[in-house]
Amino acid sequence: MFYSLKTNPHPPICRFMSRAGLGADAASAGEVRKAVDAGFACRNILYSSPGKTPADIEHTLGKAMLVADSYNELAIINLISQKRNERIAVSLRINPAFHIGMGASPAITAGAASKFGVDEESLLPNKHFIDTLEFIEITVIHVFLRSQVLGDDAIYQYFKRFFAIAAFCQEQLSWNLSLIDFGGGFGVPYSPTEQPLDWSNAGAYGYSLSPADFAGHSRPREIYLNAAGLVAEDFL
């Protein structure tokens with residue numbers, strides 16, 4: 001589970017969260033510094049922001065798992081890593097070819113263009129380009145569609161398709177994934193008229209997916225579910 005520093009960045013709470021074994025979800029270089037000061041390990045800090053500057057990358061490289069939002073950002077990270085003569089593990093945000101609709105029973109429908117991440121359809125055409133980036137290795141993928149999803153079937157379909165994307169990345173792109181980040185905000189009602197998500201059903205959906213959809217691949221060891229988000233870890 002990853003704790004958002006935006007929610008409560010106060011040092012005592014951050015230190016408590018790091019000692020509790022949670023990861024840190026940082027949206028700026030300043031939040032990365034706060035996470036490091038609080039004791040979070042580099043591998044447990046995800047730095048995701050579409051507005052990262054080369055200076056931001058320079059100052060946080062080696063202190064957090066950088067989540068790239070574009071192919072250009074991958075190239076910048078690779079160049080800075082090359083100057084340091086270090087090979088860096090990074091994450092890539094993917095804009096999937098589907099989205100979750102609105103309403104009480106949201107359906108999975110065809111996707112639309114997004115300013116965040118790289119389009120799922122662009123991954124294979126850009127395989128050669130990514131393979132030329134010798135100083136980075138994509139070991140994490142991140143997909144986030146929207147929060148306040150209260151339909152357990154919609155979340156199930158979301159998990160299922162994300163597992164398919166992860167399997168594609170491993171099979172077709174030869175990425176050795178260690179973590180798949182599903183984002184957060186699932187099942188959070190913001191109105192007294194909204195029906196809370198039945199987490200027992202959603203949890204069962206998640207666990208039922210991991211063996212079947214990752215058969216022959218690196219299977220997730222655990223799936224964490226609650227109102228804050230979901231992350232599936234690799235490593236048996």
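I looked up Asp69 first. Leaving aside neighbours within four places in sequence, Asp69 is in contact (heavy atoms within 4.5 Å) with Ser48, Ser49, Pro50, Lys52, Arg93, Phe116, Gly117 and Val118. The model is predicted: local features need pLDDT of at least 70, side-chain atom pairs count only at pLDDT 80 or more, and totals for chains, interfaces and linings use all residues. Residues are numbered from 1 along each chain as its sequence is written, and side-chain values use heavy atoms, with hydrogens and water left out.

I then placed Asp69. It sits in the loop between β4 (65–68) and α4 (71–84); helices (H or I, at least four residues) and strands (E, at least two) are DSSP runs, numbered from the N terminus. Buried or exposed? Asp69 counts as buried because its relative accessibility is 6%; the cut-off for buried is under 20% relative accessible area (1.4 Å probe, protein chains only).

Next, the cores. A nonpolar core is a set of buried Ala, Val, Leu, Ile, Met, Phe, Trp, Tyr and Cys residues joined through side-chain atoms within 4.5 Å. The largest has 47 residues, and Leu74, Leu123, Ile141, Cys169 and Trp175 touch the most other members. Helix α6 (residues 152–172) gives this core its largest share, nine residues. Apart from it I found another core of five residues, including Leu46, Met65, Val67 and Leu179.

Not counting residues up to four places away in sequence, Ile141 touches Phe162, Ile165, Ala166, Cys169 and Trp175, among others.

Last, the whole chain. I noted seven helices and 12 strands. Buried residues make up 46% of the 236 residues.

Notes
Buried means under 20% relative accessible area, exposed over 50%, partly exposed in between (1.4 Å probe, protein chains only).
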